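The sequence and the structure come first, and the discussion follows.

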Amino acid sequence: MAKSTILTGLRTNADYHLGNYLGAILPMVQMARKHSSDYQINMFIPDLHSFTTPIDFDTFYEQSIRNLKVFFAAGLPLDNENVRVYRQSHVTAHSEMTVILNNFTSFGQLSRMVEFKEKRERIDEEFVSVGLFDYPVLMASDILLYDAEYVPVGDDQRQHLELARDIAERFNNRFGETFVVPKTIKQQAEFFGIEEPLRIMSLQNPDKKMSKSIDDPNGTIMLFDEPSVARKKVMSAVTDSVGSVNFDRVNQPGITNLLILLAVLCGKSQEEVNKEFTGMSQYGELKNAVADQVELLLEGVQKTFAELDDVRIMEKLGQDELYANEYSQKTLLKVQKAIGLRK
Ligand code: ADP
Ligand code: TRP
């Protein structure tokens, strides 16, 4: 029997920051390494999704490749056929399937997507694109084309996953078993182990998450920051005037963020790190410890990144895009036959 598929994608509009790396990339790479002997793992770059928010068109092509390479720098295996990487835009079935599935998705349900409502409000221009509205249908195509049963995503994407399940079920009810319906959110959570997702906060506004979308260069550590620059950002992190270190998200969000960062970066439990630092009256020691770890991490990732075999990566991308095209065309053909576009 064919292996079940685990599929996930990470948007690639700009360089990644430490939050992306620790909160999404490393966990994805670890998941891929853990499950690649028993599952087919598809990790793709949803580059067609990128246009739904502002991007730099001039650098976009290189940006996508650069971000893909970060996954390999983080330890994604290059020579494992069960781990496939591809760009959405290089697999034409994603777009074709979206045009079809648009007709099996209700306007009302799409209008209720929280991410759409939120992003719509944040866009300052008058122009709210159909692309932004239709984004979840493209995401459903990404998933359904590959018979993916498990789709690890953050909280904010769960509603989109539910939509993909609804579309698949609606289609199957009308035309017979065509799509593999992804597992329920609950089953997925059980499979991946329910954990509280990591949230790294901005070093300057510790009530907001570290984010590339917000103009906050000193609060955000970019993966390609000079390690010494990153050190300075940590050392000038906003803290408080309490005067003693405590893990307290409400009253000491800046200090708590540093404690969380330190635990993740050292691979220690939060309790262990808290025990070491709680009660200390000097914040400098904690900042120094975090800065050391951040420097170490950036130096390591940047060195591995520089040593990656670009030719081999592009070769793998080419091979995997062939695979993805072959696989997705089969699903597309099933759908085309079901609705009378093909015999
Ligand atoms: P941004 O907010 O910087 O635009 P995205 O929303 O594109 O980032 O993030 C992609 C993924 O990276 C998210 O789904 C999440 O898993 C992870 N991520 C982003 N910011 C953080 C953060 N501050 N802490 C932990 N994980 C994060
Ligand atoms: N929408 C996801 C995000 O913003 C990225 C994404 C696109 C995705 N297609 C997907 C994730 C399919 C999982 C499966 O993070």
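This is a predicted model: local features need pLDDT of at least 70, side-chain atom pairs count only at pLDDT 80 or more; totals for chains, interfaces and linings use all residues.

## Phe-175 and its ring partners

Phe-175 pairs with Phe-171 in a tilted arrangement, with the ring centres 4.7 Å apart and an angle of 40° between the planes. The two residues are about one helical turn from each other, because they lie four residues apart in helix α7.

The structure holds 19 aromatic pairs. One of them joins Phe-104 and Phe-175 edge-to-face, at 5.9 Å centre to centre and with 80° between the planes. This pair links distant parts of the chain, given that Phe-104 belongs to the loop between α3 (93-101) and α4 (107-111), whereas Phe-175 belongs to helix α7 (residues 158-175), 71 residues apart.

## A ring cluster and charges over rings

Phe-44, Tyr-86, Tyr-146, Tyr-323 and Tyr-327 are linked by ring pairs into a cluster. Tyr-323, a member of that cluster, also has the charged end of Arg-84 over its ring, at 4.1 Å from the ring centre.

Another contact of a charge with a ring involves Lys-119, which lies over the face of Tyr-135 at 6.0 Å from the centre of the ring.

Where in the chain is Ala-291 found? Ala-291 is part of helix α12, which covers residues 283-307, and its relative accessible area of 0% places it in the buried class. Leaving aside residues up to four places away in sequence, Ala-291 touches Arg-231, Val-234 and Met-235. The C-alpha atom of Ala-291 is separated by 13 Å from that of Asp-225, a residue 66 positions away along the chain.

Ser-211 is located in the loop between α8 (185-192) and α9 (227-235). Is Ser-211, at 9% relative accessibility, buried or exposed? Ser-211 counts as buried, because its 9% relative accessibility falls under the 20% limit for that class. When residues up to four places away in sequence are not counted, Ser-211 touches His-17 and Thr-220.

Conventions:
Residues are numbered from 1 along each chain as its sequence is written. Chains are lettered from A and ligands numbered from 1 in the order in which they are written. Side-chain values use heavy atoms; hydrogens and water are left out. Buried means under 20% relative accessible area, exposed over 50%, partly exposed in between (1.4 Å probe, protein chains only). Contact means heavy atoms within 4.5 Å. Rings of Phe, Tyr and Trp (its six-membered ring) pair if their centres lie within 6.5 Å; planes under 30 degrees apart count as stacked, over 60 as edge-to-face and the rest as tilted. A charge sits over a ring if NZ of Lys or CZ of Arg is within 6 Å of the ring centre and within 35 degrees of the ring normal.
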